[in-house]
Amino acid sequence: MAVRESSREAHSSLDRTGYFSEKETIILSLFVDHDTRLTRQDIADATEKLPGQFIPINTVCGRVNAMVKKGLLIEDGYTYGLESGKRQ
């Protein structure tokens, strides 16, 4: 399903203060649109590049699992790690 530009703008303009935890807000900010797909490792790596907002992988996993249960994120497929060869 295509997402209209006006829907994206409305989503971006929502005031999330007090609604999401600090870490949830950081994680959600990485999903720029509905087509963005990130593994938990991708999220940890991306936060490492944000000044003062690094979230280690063990914390990312817990936050993402909770966000999936809340319906804030959707798990959609998987990939295999280049180094480990394990499913992510």
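A residue counts as buried when its relative accessible area is under 20%, as exposed when that area is over 50%, and as partly exposed in between, using a 1.4 Å probe and protein chains only. The exercises below concern a predicted model, in which local features need pLDDT of at least 70 and side-chain atom pairs count only at pLDDT 80 or more, while totals for chains, interfaces and linings use all residues. Residues are numbered from 1 along each chain as its sequence is written, and side-chain values use heavy atoms, with hydrogens and water left out.

**Exercise 1. Describe the chain as a whole.**

Step 1: Begin with burial, where 20% of the 88 residues of the chain count as buried.

Step 2: Turn to the secondary structure, for which helices (H or I, at least four residues) and strands (E, at least two) are DSSP runs, numbered from the N terminus. The chain has four helices and zero strands, and its pattern along the sequence is α-α-α-α.

Step 3: Consider contacts, meaning heavy atoms within 4.5 Å. Among the contacts in the chain with a separation of 6 or more, 46% join residues 24 or more positions apart.

**Exercise 2. Carry out the analysis for Thr 36.**

Step 1: Thr 36, too, is found in the loop between H2 and H3.

Step 2: Thr 36 counts as buried because its relative accessibility is 19%.

Step 3: The side chain of Thr 36 reaches the backbone nitrogen of Val 32 at 3.4 Å, and, not counting residues up to four places away in sequence, Thr 36 touches Leu 30 and Phe 31.

**Exercise 3. Examine the largest nonpolar core.**

Step 1: Such a core is a set of buried Ala, Val, Leu, Ile, Met, Phe, Trp, Tyr and Cys residues joined through side-chain atoms within 4.5 Å.

Step 2: The largest nonpolar core has 13 residues, of which Ile 27, Ile 43, Val 60, Val 64 and Leu 73 touch the most other members. At least two residues of this core come from each of H2, H3 and helix H4 (57-70).

Step 3: Follow Val 60, which touches Arg 40, Ile 43, Ala 44 and Ile 55 when residues up to four places away in sequence are not counted.

How values were computed: A polar contact is a pair of N or O atoms within 3.5 Å; within protein, one must be able to donate a hydrogen and the other to accept it, and residues adjacent in sequence count only if both atoms are side-chain atoms.
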